[in-house]
Amino acid sequence: MKFSAMVVKNTSLIENNYASQHLIKQLIRSSTAAALNYGEAQSGESRKDFIHKMKICLKELRESQVNLQIISEAELVRDEEKYKNIIKECNELVAIFTASGY
């Protein structure tokens, strides 16, 4: 949830143009989807359901990761230092979810 909130709170770090608006909207969708699916996984109806939802979380985090890289590569970031913290948080979450093995 903290990662999703970080993304939402810091959208002003990204330039405001057509391309960045598209990427920001998608980033908000994927980062919040990861948090929401994690909440769903916590109340999974079975081990299979839990694993499925955790895989969705990882998928959404990886999508966020790629989106963050695109924004950075396209030089759409206003404050690189703050933005690096968001990238770091996303990378750490991907590593945790990947290593957990469910």
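Student: Which residues are exposed on the other side of α4?
Tutor: Glu81, Ile96 and Ala99 are exposed there, where exposed means over 50% relative accessible area, buried under 20%, and partly exposed in between (1.4 Å probe, protein chains only). Helices here are DSSP runs of H or I with at least four residues, numbered from the N terminus.

Student: Before we go on, what sort of model is this?
Tutor: This is a predicted model, where local features need pLDDT of at least 70 and side-chain atom pairs count only at pLDDT 80 or more, while totals for chains, interfaces and linings use all residues. Residues are numbered from 1 along each chain as its sequence is written, and side-chain values use heavy atoms, leaving out hydrogens and water.

Student: Back to α4. Which of its residues are buried?
Tutor: Tyr83, Ile86, Cys90, Val94 and Phe97 are buried in α4. They sit on the same side of α4 because they cover an arc of only 75° around the axis, taken from the directions from the helix axis to the C-beta atoms.

Student: Why would residues three or four places apart point the same way?
Tutor: An α-helix has 3.6 residues a turn, so residues at that spacing point the same way.

Student: What covers the buried ones?
Tutor: The cover includes α1 (2-9), α2 (18-42) and α3 (47-73), with contact meaning heavy atoms within 4.5 Å.

Student: What happens at the start of α4, and what follows the helix?
Tutor: At the start, a side-chain oxygen of Asp79 comes to within 3.3 Å of the backbone nitrogen of Glu81. After α4 comes Gly101, with a positive phi near 65°.

Student: Switching to Asn67. Buried or exposed?
Tutor: Asn67 is buried, at a relative accessible area of 5%, and belongs to helix α3.

Student: What does Asn67 touch?
Tutor: Leaving aside residues up to four places away in sequence, Asn67 touches Leu23, Gln26, Leu27 and Tyr83. A polar atom of the Asn67 side chain lies 3.1 Å from the backbone oxygen of Leu23.

Student: Last topic, the largest pocket. What volume does the largest pocket have?
Tutor: About 210 Å³. The lining includes Met1, Ser31, Tyr38, Glu89 and Phe97.

Student: Which helix gives the largest share of that lining?
Tutor: That share, four residues, comes from α2. On a 1 Å grid over the protein atoms alone, a pocket is an open set of points with protein on both sides within 12 Å along at least five of seven lines, and lining residues have an atom within 4 Å of a point.

Note on methods:
Helix = DSSP H or I, 4+ residues; strand = E, 2+ residues; numbered from the N terminus. Polar contact = N/O pair within 3.5 Å; in protein donor to acceptor, adjacent residues only side chain to side chain. 1 Å grid on protein atoms, 1.4 Å probe; cavity = no way out; pocket = protein on both sides within 12 Å on 5 of 7 lines; lining within 4 Å. Points joined across faces, edges and corners; volume = space filled by probe spheres on them.
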